[in-house]
Amino acid sequence: MTAFRIPGKGRVNHDTAVRFRFDGKSYGGVEGDTVASALLANGVHLMGRSFKYHRPRGPVTAGSEEPNALIGTSRGKGRFEPNTRATVQEIYDGLKAESQNKWPSLNFDIGAVNDRLYMLFSAGFYYKTFMWPKSFWDRVYEPVIRAAAGLGVSPSEPDPDSYASRYLHCDVLIVGAGPAGLAAALTAGRSGSDVVIVDEHTEMGGTLLSEDQVQIAGQSAWDWLSATLDELKGMNNVRLMTRTTAIGYYHQNMVALSQKLTDHLAAVPGNAPRERMWRVRANQVVLAQGAIERPLVFDGNDRPGVMFAGAAQTYLNRYGVKVGERAVIVTSHDSAWYCAFDLADAGVAVAAIADTRDEIAPEFAQMAADKGIEVLKGHTVSSTTGRLRVKSVLVNPVRNGKVGASRTIDCDALLMCGGWTPSLHLFSHTKGSLNWDSEAEVFLPGDKTEACHIAGAGRGLWGIARALEDGANAGSEAAIAAGYATEVGLYPVEADRTGGGVTHKELPSDRDAGKAKAFIDFQNDVTAKDIRLAVREGMRSIEHVKRYTTNGMATDQGKLSNMNGLTIAADAVGKEAPKVGLTTFRPPYTPTSFGTFAGYHKDAHFELTRKTPIDGWAEENEAAFEPVSLWRRAWYFPLSGEDMHRAVARECKATRQSLGMFDASTLGKIEVSGPDAVEFMNRMYTNPWTKLAAGRCRYGLLLGEDGYIRDDGVIGRLSQDKFHVTTTTGGAARVLNMMEDYLQTEWPDLKVWLTSTTEQWATIALNGPNARKLIEPFVEGQDLSEEAFPHMSVSECKVAGIPARLFRISFTGELGFEINVPARYGRELWEKLYEAGQQYDVCPYGTETMHVLRAEKGYIIVGQDTDGTVTPDDAGIGWAVGKKKPDFVGMRSLKRPDLVAEGRKQLVGLLTDDPKTLLEEGAQIVADPKQPIPMKMIGHVTSSYWSEALGRTIALAVVEGGRSRMGESLHIPMPDRVLSAKVTETVFYDPEGERLKA
Amino acid sequence: MLLIHCPYCDETLPELEFAYAGEAHIDRPEDPSAMTDEEWRDFLFIRNNKRGTHFERWRHINGCARFFNAVRDTVSDKFLTTYKAGTPRPSDAELEELGK
């Protein structure tokens, strides 16, 4: 048994010992302990160092709102988690935990020198101190500040754990399983409604777990709790979930729950998910989240050993742990008096209760006297002493606003209570309004935007009896609203602990306020002085004060600090708190792992990989792949020992000399059919379609209504009323969306049907002088001669016995065919053609070679050579715009003043002076390389490749007034040198197009 | 996540099934060529960005794929109503009734 554990006391299992390590040292705890309770049982309060000043810190709370006791936990490679709250992490045999933000050790930390330099680190210190010289910011100041300030270290390896996610629908979701939540669950559950009740702790009960003295309906609190949970578990319509935090409250009563599944287990079952995200859609929500204790603000309120009175009570009654041997209570609220009495009853020496109030209930004074506790009414705390643990507290009487001389009282635990703040985070997520209760000086829930009910301490009600009553009513209202009839139970309570209190700004002191380290935000090291400084320096809104001081911006999201920060800022501004405002609470309520949000959407499930029917062949033939939108495409097919450059050069050469084959299945395909198909095509595309005969193709150009190029592709007319439209690989879905938009909303009178057929067709492109020779023997029902089937023809025929749509088109400048067959025949046909192609040394090629071959011909790729600000004329394809058409999408915009202005960027070719120099795609172009920086940039390189056919590099670029610069030398400044190139036409190879007719 | 009523499916379904499609009731002019530069600019670029009730288009992209119209309060992010493309916008009186 450890020194501070009281045998048999509390709800932990004293008979089951658990061993764990903290900072390398082995400690003993018992089943049911958190890291914090187990360390406290060993007399350890020092659990971390603070963010900025590296001050020694211990736990101040016993729950998820903990700002100080943050630890890293590890289960081995990739399973390290920083910033875990020691007050929440359960211990198990073999747990390894370590403290954070210290070097070399927790007891002796070099960074604590910051504490002495606190004048440098006041509010806004980044903005003031590190302004000069400018260049030092990136290289010196920021890295040093980031290394010195901070919380845990982020994990550096991929997380191997799995995370689950589920949807859930229910009538009533109850958040919080304290007395209010449980009473709500009983009422709603008994009504027959579908109830879900969640609690972030390991067991349900809330305050009841720390207050075993209360009698409910004639039973002890814990017997009542046990009976209540048994009853709820016995109802098929009630689901109880522990270790489950409601992290966010979203529209239409959707609440996100983060459920921890394995972090408390010594042995994790194989493949068990670590956490599960529940997306609950509830008809009604009951928020029974209780209240969070509020710190008192005085010099040295952050030393290890200074904690909430309520937390000390929880450690004592729930975990059977004494937080010290000699305690002093300092409070402005009645609740801390009960803590003092419980501690005294458990054998802790309570040296004194210092209450800021002048009037105390006589029965409190009497009970204190009975237990031999000194009572100091109308007192303040002016300071504390002790380095790694509080040693003493200085208390002063306050009479008529004057602070008297201090008196030092030795203690190893200083237990404070500055009142209670209703927990309204989730309610705030819904944009529910908050009303200021000027008497209690708290915000209470006001107007609601969602179907929710707030019960218990969350709306300022104090005591178990009121919480039970209010919870039962809220559960009833919720169940009735969901359509059930209810009966509200009665819960008579004896030995309840009620009372009230007052709240304060900084406690009055006789010491120099300028030197006081009176903390408001423990986690971000914000003091009262910082808040006042921010106001002096002109911040008036609490939103500005928050950002200037970082108050409330740490991982605890201001659960402890927001109200004190607001009270002090309001005092400094000289206005009432609500006039200064409250910062907005945002999800998540507590830190939540990325894994929980990601759920199943990781690795291969993060984004699907689309594969063509021929992908398997490419993989077996060792293709290198590249992603193109969601597709995985064969990039090039390296022979053994080849790098990409050599492979692509070989593929290009083979295609131009004899025959290349290419998997073009990813090409977007849309079938446009119906009596009005041609009219629809006329309105959508720039080109005229009426006179295009069935069996012929045309290059189609699609603009946005703003006149800029959106997409392109070859379109074949299969019959009078049917078009086979192809789009860019990445643009298919966008184009279909755009077509549907116009068809459904602008021209609903047109009789046209649009069908995405991208995945229905496998497309094999054959290019090269021997392309016809290869396929001729396979084709049935179509004469392939130049006369019968010229360039830009399409035919529905059979290829190798498979029904096919055969196109004679070319994206390489060579004689070319594209065979579309139903996707399931794609690989079969590919293999047949590949086998037959051996006589022509057929060469499978990938997307890189496709890019080189098309660039040699000056064919653009939308999205690479165009960027959403390029018109048809800019791209040099004004010929594709029908001149006599009455209208098409984007036509009017082509006459916009900016689009007809001189000097627009135009697509041109670039040939570098040195034929071996390869320009970088995206590189900026200037006319005069000697001009001062910043230079005037007149364009950029859009495509750049090594051309095997030309034996040199080629590039495409958009350049201001490009077509009037033919032959001009332009310059491309790079980090190490300036490159020069001449402007040329965009067609580098076979400008007459003779090879198409081969 | 919002729940959105598709007026074609007549079902209230999660936002994941839908895609936003810009402001509603901006008709493409009958004869764009007849428009002045200013009129065409307004059609192309000028949008309401209203604080409060906003008429907008959505598409049930992962469902029936139809475009439809909606009235949403941009402050509360609540839908007042949805209706089929081509039907007239609800009157102010109707919207006031829906807002209650």
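**A parallel sheet in chain A**

Begin by selecting strands E17, E25, E18, E19 and E20 of chain A, which in that order form an open sheet of 5 strands with parallel pairing. Please bear in mind throughout that this is a predicted model. At the edges of the sheet lie strand E17 (306-308) and strand E20 (374-376) of chain A, each of which pairs on one side only. Looking across the sheet, one finds a twist that averages 20° from one strand to the next.

Which residue of E25(A) does A:Ile329 stand opposite? The residue is A:Leu415.

Next, select helix H12 (residues 528-536) and helix H13 (residues 542-549) of chain A. Their axes come within 10 Å and cross at roughly 120°. Angles from 65 to 115 degrees count as roughly perpendicular and those over 145 as roughly antiparallel; H12(A) and H13(A) are therefore oblique to each other. The crossing of H12(A) with H13(A) is right-handed.

Display the side chains at the contact. From H12(A) come A:Asp530, A:Ile531, A:Ala534 and A:Val535, and they meet A:Val545, A:Tyr548 and A:Thr549 of H13(A). By class, the residues of this contact comprise 5 nonpolar, 1 polar and 1 charged.

**Two cis peptide bonds**

Move to A:Pro587 and A:Pro588, which are joined by a cis peptide bond with omega of about 0°. A:Pro588 lies in the loop between helix H15 (577-580) and helix H16 (594-598) of chain A.

Then select A:Ile933 and A:Pro934. The peptide bond from A:Ile933 to A:Pro934 is also cis, and its omega is near 0°. A:Pro934 belongs to the loop between strand E48 (924-925) and strand E49 (939-947) of chain A.

**Two residues with positive phi**

Select A:Lys431, in the loop between helix H10 (425-429) and strand E27 (434-437) of chain A. This residue is not glycine, yet its phi is positive, near 65°.

Continue to A:Asp990, in the segment after strand E52 (978-984) of chain A. A:Asp990 is a residue other than glycine with a positive phi, near 50°. With 15 other C-beta atoms within 10 Å, A:Asp990 is partly exposed.

Finally, select chain B and colour it by secondary structure. How many helices and strands does chain B have? There are 2 helices and 6 strands, and along the sequence they follow the pattern β-β-β-α-β-β-β-α. The C-alpha trace of chain B spans about 40 × 30 × 20 Å along its principal axes. Chain B has 100 residues, of which 19% count as buried. Among the contacts in chain B with a separation of 6 or more, 49% are between residues 24 or more positions apart.

To close, show both chains together. Their contact involves 17 residues from chain B and 18 residues from chain A. On the side of chain B, the largest share, 3 residues, is supplied by helix H1 (residues 37-45) of chain B. That side of chain B consists of 10 nonpolar, 3 polar and 4 charged residues.

Definitions and conventions: Residues numbered from 1 in each chain as written. Chains lettered and ligands numbered in written order. Predicted model: local features only at pLDDT ≥ 70, side-chain atom pairs only at ≥ 80, totals over all residues. Axes fitted to C-alpha atoms, helices over the stretch in contact; angles between N-to-C directions. Helix = DSSP H or I, 4+ residues; strand = E, 2+ residues; numbered from the N terminus. Parallel < 35°, antiparallel > 145°, perpendicular 65-115°, else oblique. Left-handed = near helix turned anticlockwise from the far one by under 90°. Contact = placed C-beta atoms within 7 Å. Nonpolar A, V, L, I, M, F, W, Y, C, P; charged D, E, K, R; others polar. Buried ≥ 20, exposed ≤ 12 C-beta atoms within 10 Å, placed from the backbone. Pairing = 2+ DSSP bridges.
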